[in-house]
Amino acid sequence: METIENAVGGRRYVSSSTRRVPVYNPATGEQSAELPLSTPDELNQAVANAVKAQIAWGATPPMKRARVMFKFKALLDQYADDLAREISKEHGKVHDDALGEVARGIDCVDFACGIPHLLKGEFSRNVGPSIDSYSDRQPLGVVAGITPFNFPAMVPMWMYPAAIACGNAFILKPSERDPSAPMLAWNLFMEAGLPEGILNVVHGDKETVDGILDHPDIKAVSFVGSTPIAEYVYQRGTKAGKRVQALGGAKNHMIIMPDADLDQAADALMGAGYGSAGERCMAISVAVPVGEKTADALIEKLKPRVESLKIGPATDKDAEMGPVVTKMHRDKILGYIDSGVEEGASLVVDGRGFTLQGYENGYYVGGTLFDHVEPDMKIYREEIFGPVLSVVRRETFKDAVDLIHGHEYANGTAIFTRDGDAAREFADKIEVGMVGINVPIPVPVAYHSFGGWKRSLFGDHSIYGPEGIHFYTRLKTVTTRWPAGIKGGAEFTFPSLK
Ligand code: NAD
């Protein structure tokens with residue numbers, strides 16, 4: 001049985017912790033590894049080591065830091081397949097989906113390769129007589145990232161490539177459920193020439209998270225996970241004086257207008273609702289057809305598609321969707337389906353009781369479709385994070401928009417229509433952070449930034465892209481005047497007003 005190691009100061013070691021949790025292969029239900037939950041001392045040692053290492057790294061010219069990023073990117077390209085297999089082994093997503101995750105992570109490394117340009121400051125000559133001013137962004141020191149299970153390689157790469165390129169050292173606390181992919185990425189970064197102690201992986205649970213949030217030498221924390229934990233991390237981290245960005249959960253709606261191409265909309269809903277077994281923070285979990293005719297026609301198109309979803313392990317090349325991550329999560333999703341039925345929603349396709357021959361102990365849930373879901377039902381209010389799509393019927397465009405505005409989450413949303421006016425108004429007025437127009441999953445590319453609104457993000461910065469560079473640096477503005485400027489004697493007014 002493999003024991004997952006920590007990686008600190010350029011070295012991998014097995015934690016001495018007696019607190020250990022099992023890691024499973026969700027396709028088979030078998031335990032694949034054991035994960036020690038690091039001791040507080042191990043975290044403290046990692047931080048102390050990172051504090052020392054960061055001094056030289058922060059002073060390294062950005063161009064040299066970029067060269068390490070270029071090599072890291074080349075190695076990620078070379079080992080993308082292996083990384084995808086590491087992801088699937090513990091997460092369960094199908095191989096192509098895992099490869100897509102790796103590709104979106106690599107995009108963030110690509111962006112970080114441009115760090116010399118991204119850190120270029122601003123300069124103003126003659127802000128006063130013979131006085132110049134420049135602004136510059138400097139690293140924070142040691143920063144940390146706490147990540148969820150659903151993108152074990154990509155979400156850490158939303159964080160550490162930018163943070164490290166900016167000159168910081170990084171402590172990563174991955175999800176306990178799929179801890180292996182970040183370890184392979186760590187190996188590759190070290191092979192690329194990253195100095196020891198700049199990227200550190202310390203595994204753990206709440207105890208390690210609390211240790212990170214309270215540690216005086218950790219200056220900023222990026223968190224991605226569920227909303228209750230995001231809020232907790234934001235409150236505890238900011239109380240300790242840290243900069244915190246905490247991205248939370250989602251319930252993403254897609255409006256289908258009467259003029260939309262319904263085949264296109266139904267196909268889009270299949271990928272966005274059931275891809276990665278619905279375990280994506282940008283998954284569409286609520287379809288909102290406008291008008292009864294649109295709703296009836298949409299259900300008619302969705303039903304056979306959901307019934308014929310190809311479900312299988314990552315090793316099955318034809319599978320469109322894999323198992324969900326753990327047995328506990330599967331049971332939670334099945335509980336949501338029960339509650340939808342009890343609360344009176346119409347169950348059009350029932351994914352309960354799905355089993356796969358040869359994989360009877362895997363954590364599979366069949367694609368599930370509900371119609372006539374109402375906003376007071378639990379399956380509407382809460383994030384299910386599984387292959388369950390709810391259809392909420394609305395009469396008008398305004399009713400559909402009001403529905404979205406009534407939800408506590410506001411991560412992503414989409415509208416399918418041929419009407420440019422409706423689309424433009426939707427993009428302009430909707431109170432959601434990421435919007436798709438005939439695009440079901442509008443995840444911003446790596447040179448834009450990613451972030452929801454309302455209870456989908458706590459903090460002032462979105463993640464990665466330009467916002468990431470701002471988050472991981474602090475601004476310094478220097479105003480300079482050379483001695484010739486003060487030869488006239490003492491001054492008692494602002495020199496820039498002269
Ligand atoms: P989670 O909140 O259970 O765990 C996230 C991290 O927090 C893990 O590293 C975990 O160890 C830690 N954690 C868990 N419980 C904790 C506690 N009580 N105290 C301190 N730390 C704790 O989330 P998950 O189940 O791994 O991931 C799924 C969630 O993440 C979904 O809600 C999904 O929407 C969200 N997510 C959001 C985004 C986004 O960008 N907004 C992206 C991906 C996932």
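**Helix packing, domain contact and ligand shell**

**View 1. Helix 3 and helix 7 cross in a right-handed manner.** The model shown is predicted, with local features requiring pLDDT of at least 70 and side-chain atom pairs counted only at pLDDT 80 or more, whereas totals for chains, interfaces and linings use all residues. Residues are numbered from 1 along each chain as its sequence is written. Helices are DSSP runs (H or I, at least four residues) numbered from the N terminus, and a crossing is right-handed if the near helix is turned clockwise from the far one by less than a right angle. The axes of helix 3 (residues 80-91) and helix 7 (residues 180-191) come within 8 Å of each other and cross at roughly 160 degrees (lines fitted to C-alpha atoms over the stretch in contact, with angles from 0 to 180 degrees between N-to-C directions). The two helices, helix 3 and helix 7, are therefore roughly antiparallel (an angle over 145 degrees). On the helix 3 side the contact involves Asp-82, Leu-83, Glu-86, Ile-87, Lys-89 and Glu-90, and on the helix 7 side Ser-180, Ala-181, Leu-184 and Ala-185 (residues are in contact if their C-beta atoms, placed from the backbone, lie within 7 Å). Sorted by class, the residues of this contact between helix 3 and helix 7 are five nonpolar, one polar and four charged (Ala, Val, Leu, Ile, Met, Phe, Trp, Tyr, Cys and Pro count as nonpolar, Asp, Glu, Lys and Arg as charged, and the others, Gly among them, as polar).

**View 2. Helix 2 (residues 62-78) and helix 7 have axes that come within 8 Å and cross at roughly 135 degrees.** The crossing of helix 2 and helix 7 is right-handed. Phe-72, Leu-75 and Leu-76 of helix 2 make the contact with Leu-188, Phe-189 and Glu-191 of helix 7. In the contact of helix 2 with helix 7 there are five nonpolar residues, no polar residues and one charged residue.

**View 3. Helix 4 (residues 95-112) and helix 6 (residues 154-165) cross at roughly 10 degrees, with axes that come within 9 Å.** Glu-101, Arg-104, Gly-105, Cys-108, Val-109 and Ala-112 contribute from helix 4, and Met-154, Met-157, Trp-158, Pro-161, Ala-162 and Ala-165 from helix 6. Nine nonpolar, one polar and two charged residues form this contact of helix 4 with helix 6.

**View 4. Domain 1 (2-248 + 456-478) and domain 2 (252-437) are the parts given by the domain assignment.** Their bounds come from an automatic or database assignment. The centres of domain 1 and domain 2, taken over C-alpha atoms, are separated by 31 Å. In the contact between them, 18 residues of domain 1 meet 24 residues of domain 2. Helix 3 and helix 4 each supply at least two residues of the side of domain 1 that touches domain 2, and the largest share of that side, three residues, comes from helix 4. This side of domain 1 has seven nonpolar, eight polar and three charged residues.

**View 5. The ligand is surrounded by 27 residues, of which Pro-148, Gly-225, Ser-226, Gly-249 and Cys-281 are the closest.** A residue belongs to this shell if its C-beta atom, placed from the backbone, lies within 6 Å of the molecule. The shell around the ligand draws at least three residues from each of domain 1 and domain 2, and its residues divide into twelve nonpolar, ten polar and five charged.

Definitions and conventions
Parallel < 35°, antiparallel > 145°, perpendicular 65-115°, else oblique. Contact = placed C-beta atoms within 7 Å.
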